[in-house]
Amino acid sequence: MRKTFSAVSLFIAASFLVSLAAAEPFLRLVQPYENAAIPAVKQSFVFGSVLPATATLTINGLPVKPYTNGGFLAMIPLEAGRFKIEAIADDGISSTTVIRYINVAADAAPMADDFKDILTASPKGRQVVRPGDTIELAFQGAPGGTAKFKFSGGGPDIPMEEQSGRAAGVYRGYYLVKPGDKFDKADVTFMLKRKDGKKLSQKAGTEIIVQRRETPRIVELKEDAILLTGPDSDLGYNLFALSGVRFEVTGESGDFVRIAVGATNEGWVKRSALIDLPSGTPLPRSISRNIRVWTNGTSTFVEIPLQHRHLHRIEQTLEPHVLRLTLYGVTADTDRIRYASDESAVREITWFQTDPESFTLDIRMRQKLGWGYDVRYENNSLILEIRHKPQIVSNPANPKVPSLHGLKVAVDAGHSVQSFGTIGPWGNTEASVNLAAAKMVKAELERRGAEVVMIQDGTRELTLSDRVVAAWKAKAQFYLSLHCDAVSEGTDPRENEGYSVHYFHPQSQPFAAVLHKAYGAATGIKDAGLWRSNLAVCRTPTMPSVLLEMGFLVLPEQEELLLSSKNQKRLADVVAAALRDLVIKGDE
């Protein structure tokens with residue numbers, strides 16, 4: 001799902017029968033809730049339920065046609081400020097009125113020519129740079145002016161350029177750090193000459209330091225961490241780094257530290273995940289010598305003894321099926337690679353030194369499909385565990401049913417009682433709908449002999465990390481996450497609705513594609529696409545992992561469909577058939 005609604009709107013109206021007995025229409029608004037803060041949008045949706053479903057319904061004077069079960073959804077125009085929503089249901093005998101007030105944000109006013117201040121200057125906070133780095137600077141002020149900046153402590157004024165279009169009034173500039181620059185916590189002063197000739201100036205509030213060290217600054221990860229593409233948690237994921245790995249620091253920006261990745265790349269990690277090592281600590285270097293491949297029957301292991309822990313990257317392709325493992329800071333001196341028996345998932349390993357900083361192995365697989373892998377360190381030896389294809393055997397408890405005996409599946413009902421997700425016109429929460437569907441899937445998989453791990457039973461609060469860790473600890477071989485979808489305010493759900501299937505790693509794509517095709521054919525719900533999505537539960541590489549958005553709970557007809565046991569059984573049949581098809585035929 002893409003949106004969460006407030007618990008204020010959660011009340012299940014079993015009492016609507018009393019209203020019916022009193023011969024007046026039952027009417028409830030579910031969304032938006034009282035005093036909801038709505039962003040600056042011109043229209044948004046209102047939904048809820050009314051009985052009888054044949055009642056005449058208006059919202060702010062606009063006619064709304066309820067669905068056959070009494071649920072309704074309508075898009076209404078909004079105005080900024082304290083906004084009144086008035087819904088009236090009339091059954092021809094009596095009427096019911098529900099009034100709700102919400103707070104709609106105003107559009108950001110365009111910057112006037114006589115604007116007197118400089119706003120939103122950047123960068124801010126501590127900035128550590130090296131010669132050759134580019135410092136990006138920006139501020140917002142009156143449009144149509146002439147802007148410059150300079151560093152505290154002297155130096156020339158450097159011109160800035162105003163952006164065009166809707167970004168008018170935003171001025172940007174750049175500075176390339178030179179070897180001779182000696183900033184010492186230097187701030188930046190922005191200067192703006194307005195169209196009327198008035199001059200303004202303001203400091204950014206930053207501390208810029210040029211890093212000059214005789215020895216590299218070395219840090220160590222005190223916990224597993226994510227390397228980002230830039231100094232912001234909202235930016236893209238670059239690499240996954242393991243506890244104990246050491247890096248050279250090449251810069252800082254606010255709460256983030258820039259570290260070197262090989263000879264030519266970099267990544268950003270939160271400062272709180274790092275331990276500074278004493279000055280003079282050498283940058284870790286290892287020599288890779290003999291490599292060993294072995295199997296325990298359910299997984300194949302590639303063991304690479306090293307002298308230190310190093311950052312790694314895994315790249316996976318399926319045609320052909322190859323895992324490319326790159327180790328940064330490692331030099332190859334690998335004379336021998338000892339293979340396991342033919343039961344191993346590994347067909348062959350070749351290696352090459354990409355550059356002096358990067359040692360790469362191409363691990364070619366016997367398996368056409370990927371069933372998950374895990375990278376970890378045991379002391380200073382890197383262990384790559386490659387999971388084998390599950391072995392399906394006949395189900396002794398039910399021999400006439402197509403068997404999934406020998407397969408272990410993690411079924412995860414998205415959300416929970418407190419973080420309940422989206423909500424439908426009749427007040428059904430996403431968490432409850434997800435759980436009902438998950439139980440139906442569980443029952444069908446178990447009927448076919450599979451072992452099912454229920455990640456969420458509806459009573460626990462689990463983080464996204466908790467969920468994938470639980471699946472890995474249980475040694476599940478497939479992960480299915482069930483959700484219902486929604487949209488943000490200002491977007492019409494009827495123009496964006498449908499089911500969608502999401503995956504991240506290439507090993508999950510075949511499963512996602514089969515589920516995507518089969519679910520749409522079985523349910524008739526509009527297709528909203530097959531997506532490669534950077535979602536937390538899809539990022540686990542330890543097993544194929546797929547997230548299904550079953551439909552739009554905010555739409556009354558889909559709320560009814562998603563709640564129906566018949567539709568939930570269709571989902572369960574689709575999941576079971578897709579898994580069996582892929583396990584049985586996946587390597588043909």
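Predicted model: local features only at pLDDT ≥ 70, side-chain atom pairs only at ≥ 80, totals over all residues.
Asparagine 60, leaving aside its neighbours within four places in sequence, is in contact (heavy atoms within 4.5 Å) with Ile76, Phe83, Lys84, Ile85 and Glu86. Residues are numbered from 1 along each chain as its sequence is written, and side-chain values use heavy atoms, with hydrogens and water left out.

Asparagine 60 sits in the loop between strand E4 (56-59) and strand E5 (62-64); helices (H or I, at least four residues) and strands (E, at least two) are DSSP runs, numbered from the N terminus. Its side chain reaches the backbone oxygen of lysine 84 at 3.2 Å. Is asparagine 60 buried or partly exposed? Its relative accessible area is 33%, so asparagine 60 counts as partly exposed, given that buried means under 20%, exposed over 50%, and partly exposed in between, with a 1.4 Å probe and protein chains only.

I turn now to helix H2. This helix, residues 430-447, has 18 residues and reaches 26 Å from its first C-alpha to its last, close to the 26 Å expected at 1.5 Å a residue; the expected span is 1.5 Å times one less than the number of residues. Among the buried residues of H2 are Val433, Leu435, Val441 and Leu445. What covers the buried residues includes strand E36 (408-413), strand E41 (545-552) and helix H7 (565-585). Just after H2, glycine 449 takes a positive phi of about 100°.

Finally, the cavities. On a 1 Å grid over the protein atoms alone, a cavity is a set of points where a 1.4 Å probe fits but cannot get out, and lining residues have an atom within 4 Å of a point. Grid points are joined across faces, edges and corners, and a volume is the space filled by probe spheres set on the points. The count comes to two cavities of 30 Å³ or more.

The largest cavity has a volume of about 70 Å³. Which helix gives the largest share of its lining? That share, four residues, comes from H7. The lining of the largest cavity has nine nonpolar, no polar and no charged residues, including Phe478, Phe511 and Leu582.

The second largest cavity holds about 50 Å³ of space. Its lining divides into five nonpolar, six polar and no charged residues, with His321, Trp371 and Gln507 among them. In these classes, Ala, Val, Leu, Ile, Met, Phe, Trp, Tyr, Cys and Pro count as nonpolar, Asp, Glu, Lys and Arg as charged, and the others, Gly among them, as polar.

Methods. Polar contact = N/O pair within 3.5 Å; in protein donor to acceptor, adjacent residues only side chain to side chain. 1 Å grid on protein atoms, 1.4 Å probe; cavity = no way out; pocket = protein on both sides within 12 Å on 5 of 7 lines; lining within 4 Å.
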